[in-house]
Amino acid sequence: MRDIKHQTYGLSEDQARQRLQQQGPNRIELRRQVRFAEIFWEEVREPMILLLLAVTLGYFMLGESVEAIAVLLIVTAIVLVEVWTEYRAKASVAALQTLTEPSTLVMRDGEIKTVPVEDVVSGDCMVLRAGSRIPADGYLVSAYDMAVDESALTGESFPVEKKSAIDDKSMQVDYEYQIFRGTLVVRGEGLAIVTATGISTEIGRIVGITRAAKPPRTPLQQMMKQLSKVLAIAALLSAILIPVLLIFISGQKWSDAVLTGLSLAFATIPEELPILVVMVLGLGSLRLARSNALVRKLNSAETLGHITAIVTDKTGTLTQNHQQFIGAVIPGQWQVIMPSDLDQTPANQRVSSAARLSLLYPDEKGASAWSDPLEAALAESLPSSALKDPAPEQSKTLIPFSSERGWSGIAWGENHRIIKGIPEIILNSCKYALFTNSGDKAEWDITDAMRTEILQHIDHLADDGYRILGLAEDDIFLGLLVFADPLRKEAADAVSAVRSAGVKVIMATGDHPNVARSIAEQIGLPTKSIATGEQMERWSDEELADKLLQTAIFARIKPEHKLRLVRALQAQNEVVAMIGDGINDAPAIAAADVGVAMGKSGTDAARENAGIVLTDDRFETLAKAVHEGRGLFANLQKAVRYYLAIKVALVVTMLIPAVLGLTSPFSPIMIILMELFMDLAASTAFVIEPAEDGLMGRPPRPANKPFLNSAMNRSILTGGLMLSVSILLAVWGATGWSVSEMDMIRSSSFMAWMWGHVLLAFVFRYIYTPPYSRPFTNPILNGWAVCAIVTAMLVVYAPLLENVFDTTAISSSQLAWVFGIPFIMTIILATTRPLWQGKDL
């Protein structure tokens, strides 16, 4: 039980700062550091890089020192690009972990403040509530109805009851007063003084300092890892077959053929696929963070674009969560009494005093450290002149709200209490009612007719969208407290946007059905059918499934009902996002495909189980996240499609001349340089591609649809083959593929490749919109394209590079073939997209 006499605990900010310097951060897990040098060292030991070093060594052994140095420079550039790509990806994930680091409430300078868990020091006063993850060891100096889940420490599955050490006059701290880092408050609230942090805590002594584990791979990362292994085998077989054909059919020297094979193996093995997933999801998640949606788990970012149903609360997400106390309704008078008039009559004063009594002691500002927005609204609006303590000499005990009870209150003595909460529950707990038009007698027995009349007025107020609390003193019903929580301006548009995107929106609220109906009408949800938690308890799973087909509003919902809603939707193959804030919402958040927690009002338990945290508690933020999620997935599709199509094109372009006994179109050093530009396009340009228009006008992509589906495979093969054919035709037209003009063939091939793969990138930027609709909106892609063309020109026309790459200047007529054929083939590819891709990937 919590004594609410005013007491000051905790440290000042200066004291806390000094102790943090002395004690160090409150940490038992070392944060994983992303270091460029470590990634670089790992990269240079990769088998693919060793292949390139073998090519470099081969050039040296053949006496081609200039080519060897050139290869070494290109290899260095490739390593730096790949290291930078991986560094950006891992740094993005690390940044997400930093953004979502836990915080906690402490008393500093006599005020409640939110601080990072790592900044908690001994002597701090922790403010603990149901759902709080305890950040350090300590002992309780105040506790009310408090129970802690200590299973993380002891393995004991049942919550442990806790009490205040101050209640024990001996002041000898006992296990019942102690609390421990890592355990979870499951009921009640309290204040605790920190006695140990970091490695000095009980759990710190047990586990010691540990290094943070690597984030687990997402399902898509795992799939890409397996896919890269399968494709690597195919690439290696091609890298072996083509040199053999070059030696025995084309008559190429074995040394050149071996170097070509090694270079081809490096260029075609798709080792970048898994890191592409991290790049797209990591950088995209940072963009989400700037829009107030913090991604705690990458697989949630991966699933965002597939959401088909959202279960959302009303308060704070759809409404402003700025409660305004409108006034009180006293039985018999049946009109809303404005707050300024609540000190005019004895009956009014009695209601005002009872409503505000719980706010009398804890805070000089009139607001309790434990109060919710409704309590704060009362504190701001009720006249202080009406405030009277019915028993000033007795210590009071605050009773926090719980969804099981349906009310909060204040108690004193043996059986005196004032409670406020769900009006029907408050009314049913009372025998008498305060009536203002009843003459000398102020309190009357509650008859059936009177009960019906009160319930009718509750319904009328709820119809107007007001939130209502019942108020009672002992067993006397004093009246109704009326609040307004205006709808957020953007809520209706946000709901409309996700519904037009094919996402079902279900509002699950603890409010009165009529309040839920009023809000639903304002945001455009269908109101023909409204269900309640009480009805849900009577329905079988099959009946609930049927109701979900026509019901978008659930009122008087408890947290356990939300879990059942999530599971029922998933049973219908829906991909569900669940928005919650309380400790009892945690199971539903954890069960959802995308768990979403409130950042402002959410508990630690809710945030820990969530994949995404909304830092502004707004529904429209989730709507933006769904749009961003669809854009992320589309970018990943584009990057992988282009990356694999280029690999296909390179293999085919090398294979066909080898089979026909023609000169190899590319030298080993060319292949290595081409790989540099391939990696840059896939890992840098596509991952920041702006979202296409109309993403939210399309239905969600089925979650069980394979990533490499038939449309994706057709796109990869068609793009790769068209690029390969355009290069072969361009070279044939420019040179006739004459054996005596090897330098001319390779010059034309290289120029055609660099130009053609740039054009393919601009076609593969789009899935839904025409390629010509916005061709130059990606500055990174534009810069990459310019660099590729300039590099091709320099390799072919710069005398110094001609000697390195064995090229020669080509004539204007040959240049027309080299640029014209790939351009024509690209136009054909773009205009026939519906044939080889279809409407979607």
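F325 is buried in this predicted model, and its relative accessible area is 6%.

Now the aromatic pairs. The count comes to nine aromatic pairs. For F325 and F483, the ring centres are 5.4 Å apart and the planes stand at 50°, so this pair is tilted. To be called edge-to-face, the planes would have to be over 60 degrees apart, and to be called stacked, under 30.

Next, Y642 and W784. Here the centres are 6.5 Å apart and the planes are at 90°, so the pair is edge-to-face. This pair, too, links distant parts of the chain. Y642 is in helix α22, residues 619-660, while W784 is in helix α26, residues 779-797, and they are 142 residues apart. Are Y642 and W784 buried or exposed? Both are buried. They also belong to a cluster: ring pairs link Y642 and W784 with F686.

Last, charges over rings. Which ring does the charged end of R641 sit over? That of F764, at 4.2 Å from the ring centre. R417 has its charged end over the ring of W407, and there the distance to the centre is 4.9 Å.

How values were computed. Residues are numbered from 1 along each chain as its sequence is written. This is a predicted model: local features need pLDDT of at least 70, side-chain atom pairs count only at pLDDT 80 or more; totals for chains, interfaces and linings use all residues. Side-chain values use heavy atoms; hydrogens and water are left out. Rings of Phe, Tyr and Trp (its six-membered ring) pair if their centres lie within 6.5 Å; planes under 30 degrees apart count as stacked, over 60 as edge-to-face and the rest as tilted. Buried means under 20% relative accessible area, exposed over 50%, partly exposed in between (1.4 Å probe, protein chains only). Helices (H or I, at least four residues) and strands (E, at least two) are DSSP runs, numbered from the N terminus. A charge sits over a ring if NZ of Lys or CZ of Arg is within 6 Å of the ring centre and within 35 degrees of the ring normal.
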